[in-house]
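Hi everyone, thanks for coming.

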Amino acid sequence: MNLGIIGAGHMAQAVGRLALKAGHRVMASNSRGPRSLLGLREALGCEVGSIREAAAFGDVVFAAIPLQAYRAIPAASLAGKVVLNPQNYFPHFGRIPELENGALTTAELLARHLPQSHVVKALNSILVEDVVPDARPGGAADRRALPIAGDDGEAKQTAIGVLNEIGYDAVDAGPLAEGWRFERRRPVYCVPLDKAMLAQRLAATTRDAVMPEGHWRYQTGIRG
Ligand SMILES: NC(=O)c1ccc[n+]([C@@H]2O[C@H](COP(=O)([O-])OP(=O)(O)OC[C@H]3O[C@@H](n4cnc5c(N)ncnc54)[C@H](OP(=O)(O)O)[C@@H]3O)[C@@H](O)[C@H]2O)c1
């Protein structure tokens, strides 16, 4: 598989590293152009390109830029593609009323911008510093599960396959409209959980369940 990455920052590098390790080809990109990424190409062993080139390159595309920059994600180049959306909403980077009033989930916001793509919410509910160290081979007793949401069953299967190959189980939380269940400050957000624990806690999450920022530090999950 070719993984195109819109972004070349912390999440792009962590997920890119795991995808390369799993035998995939990876192309990273940013707003400043590929010449700014020659050091990353050397360090990671990935390819680098413009954001349009990364979008065109990917069989699957990982949209790893700040949520408020979502309009920079090139819709036409992503038509028909699976787009993994890890974006979390931090209001201090710019308020978005539809996210604040619950009219849209973060993934629905991106899907509205990419009407011809298959957006899957994925890889938002893990701290970047955990992405590489928490990856485990399939079947490991302490393998972590990550939540996903999406409106297209086939795209979700693709996303589940990508997660599995980079070291994670997945739990399907339902359509994009259900993505709120694992957005920022929800009980499961960034807590290391296995598949059964995550499925149970996602189902138990209610709209009024809002945790203090950083709550994951006080929840042990599967990492004791
Ligand atoms: N950090 C975490 O723990 C974590 C965990 C889960 C999910 N996430 C989500 O993952 C996404 C990326 O987070 P991160 O921590 O990787 O951020 P980061 O380290 O700040 O990297 C952001 C990347 O996006 C690029 N970028 C910014 N604006 C852009 C634009 N308009 N067009 C193209 N590229 C642009 C930046 O490069 P240039 O500025 O050079 O363009 C940089 O490569 C965010 O949506 C975040 O919410 C983060």
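How many nonpolar, polar and charged residues are in the lining of the largest cavity? By class, we get six nonpolar, one polar and one charged. Here Ala, Val, Leu, Ile, Met, Phe, Trp, Tyr, Cys and Pro count as nonpolar, Asp, Glu, Lys and Arg as charged, and the others, Gly among them, as polar.

A word on the source: this is a predicted model, where local features need pLDDT of at least 70 and side-chain atom pairs count only at pLDDT 80 or more, while totals for chains, interfaces and linings use all residues. Residues are numbered from 1 along each chain as its sequence is written, and side-chain values use heavy atoms, with hydrogens and water left out.

Back to that lining: Ser125, Arg144 and Val188 are among its residues. Strand β7, residues 145–150, gives the most to it, with three residues (strands are DSSP runs of E, at least two residues, numbered from the N terminus).

Now the ligand. There are 23 residues around it, and His10, Met11, Ser31, Arg32 and Ile65 come nearest (around means a heavy atom within 4 Å). That shell divides into 14 nonpolar, eight polar and one charged.

Let's look at some atoms. Alanine 8 has a backbone N or O atom 2.9 Å from an oxygen atom of the ligand, and for a backbone N or O atom of asparagine 88 the distance to a ligand oxygen is 3.0 Å. With asparagine 30, a side-chain N or O atom sits 3.3 Å from an oxygen of the ligand.

Notes. On a 1 Å grid over the protein atoms alone, a cavity is a set of points where a 1.4 Å probe fits but cannot get out, and a pocket is an open set with protein on both sides within 12 Å along at least five of seven lines; lining residues have an atom within 4 Å of a point. Helices (H or I, at least four residues) and strands (E, at least two) are DSSP runs, numbered from the N terminus. A polar contact is a pair of N or O atoms within 3.5 Å; within protein, one must be able to donate a hydrogen and the other to accept it, and residues adjacent in sequence count only if both atoms are side-chain atoms.
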